[in-house]
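Q: I would like to learn how to read a few features of a structure, one at a time. Could we work through them with an example?

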Amino acid sequence: MRNWQKKFIGVFTVTLFISMIFGNSTKAEDEINVEASLHKERSTNLQVIDTSQRIERFSFDSGYNFEYPDAVRGIYVTGNSAGGEKFNSLIDFVNSTDLNTMVIDVKEDHGNLTFIPEEGSPYEDMATNVISDPEQMMKRLEEEQIYPIARVVVFKDSVLAHKRPDLSFTKDGEVWENGKGEAFVNPFEQEVWEYNIEVAKMAAEMGFKEIQFDYVRFPEGFETKDEELEYTLGDYKDVNMNNIKKRVEAVSDFVAYAKEELSDYDVDVSVDIFGYAATIEEAPGIGQNFSRISENVDIISSMIYPSHWSSYFGIEKPDTEPYNLINEYSKVENQVLGALEEPPVSRPWLQDFEAPWLYSGSTFQYGKSEVEAQIQALYENGINEFLLWNSGNTYTKDVDYLIGKDE
């Protein structure tokens, strides 16, 4: 049995609050004394916990040996790919290039775990068996020395939203969903924080060296839905701020809290963030403040796919000008991060896919030249790490991932 499967005496126990989420709390569980945080005192909506008498600090060791690469150059890998036959071909692909990292779904976009936790885990109800043997997967990554990053989707979570509507956003008594049929849970609720942080701890115990939190935000366009949706404000109810500022506080506080809670696990913490958030003081609807989030992570991963920008930076059709878009963005991000006392590593997400929704005729194609153009623009601006996104995990061949790096 690998270390990640074992229980740790004196380490934070999640049975109580998850049991409440799934509605099967018992009296005995209600009497558990949980010690978890570096805060002097905090409330979990279950009980006030005095952590001044915290047990001797521990440091978790998964037992795996992964070295941080010279610079992370990685690809996104779904749970299905990681647990299926495609995993071997993706490993071969990485090994045949200057890539060195995989970002693997541990909690995916619908809210499901991609593996089955140990028997009796309160997370069993939200688990799928797409990665049937996590230990074998981690051993293979260790053998190949492919750096493992766990992707944990946070506030976009249809599973939890429908199990616990009180932790979500509702309208006319029903869980609200966006135009894509996706539901979100409420960043104001600390139960939601705990729920996701415990997933991150499981990933760390599995052997992942970094926890990458995605969808750390409110739903897009929330500023137009704020008044029509029903939701709680949690501990932010009586904070003397307008709703925009409250959203920013909740999102920023979650990131800081997650970093603190994972401090014993020898993992880096990263957050995916909209690229445009770096170009404004704060995104009013989704609650993302680029500088505030960056102050509390080891790595910031801006999603700067050219296809996702409007006519920004004076570029009329950014999807067709990948070099220019990335170059202009990088200048802005460098300025924002340069103003921080301890800036995180910048590791943007780059585009390795087409965007047919932008075109009425032929779609602009992304191949070797377009991927290399984005990478070169990063290098020229002193940004040496990147990740490639393709939702189907089909990546462009023959790309020079070091193009222009030493020029």
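Reading a predicted model

A: We can begin at the end of a helix. This is a predicted model, and in it helix H11 is followed by Gly382, whose phi is positive, near 80°.

Q: Which residues touch the most other members of the largest nonpolar core?
A: In soluble globular proteins, nonpolar side chains tend to be buried together. Here the largest nonpolar core has 114 residues, and Ile75, Met102, Phe213 and Phe254 touch the most other members. The element that gives the most to this core is helix H7 (residues 190–206), with ten residues.

Q: What does Met102 touch?
A: Leaving aside residues up to four places away in sequence, Met102 touches Ile75, Val77, Phe87, Leu90, Ile91, Val94, Leu141, Ile146, Tyr147, Pro148 and Ile149.

Q: How many aromatic pairs does the structure hold?
A: Two rings pair if their centres lie within 6.5 Å, and planes over 60 degrees apart count as edge-to-face. The structure holds 29 aromatic pairs. One of them joins Tyr68 and Tyr147, at 5.2 Å centre to centre with 70° between the planes, and is edge-to-face.

Q: Why does this pair tie together parts that are apart in sequence?
A: Tyr68 lies in the loop between strand S2 (48–50) and S3, while Tyr147 is in strand S5 (residues 147–153), so the pair links parts 79 residues apart in sequence. Tyr68 is partly exposed, at a relative accessible area of 35%, whereas Tyr147 is buried, at 5%.

Q: Which residues form one aromatic cluster?
A: Phe169, Phe188, Phe218, Phe222, Tyr231 and Tyr236 form one.

Q: Is Ser81 buried or exposed?
A: Ser81, found in helix H3 (residues 79–82), is buried because its relative accessible area is 7%, and the cut-off is 20%. Not counting residues up to four places away in sequence, Ser81 touches Lys86, Phe87, Leu90 and Asn393.

Notes
Residues are numbered from 1 along each chain as its sequence is written. Side-chain values use heavy atoms; hydrogens and water are left out. Helices (H or I, at least four residues) and strands (E, at least two) are DSSP runs, numbered from the N terminus. Rings of Phe, Tyr and Trp (its six-membered ring) pair if their centres lie within 6.5 Å; planes under 30 degrees apart count as stacked, over 60 as edge-to-face and the rest as tilted. Buried means under 20% relative accessible area, exposed over 50%, partly exposed in between (1.4 Å probe, protein chains only). A nonpolar core is a set of buried Ala, Val, Leu, Ile, Met, Phe, Trp, Tyr and Cys residues joined through side-chain atoms within 4.5 Å. Contact means heavy atoms within 4.5 Å.
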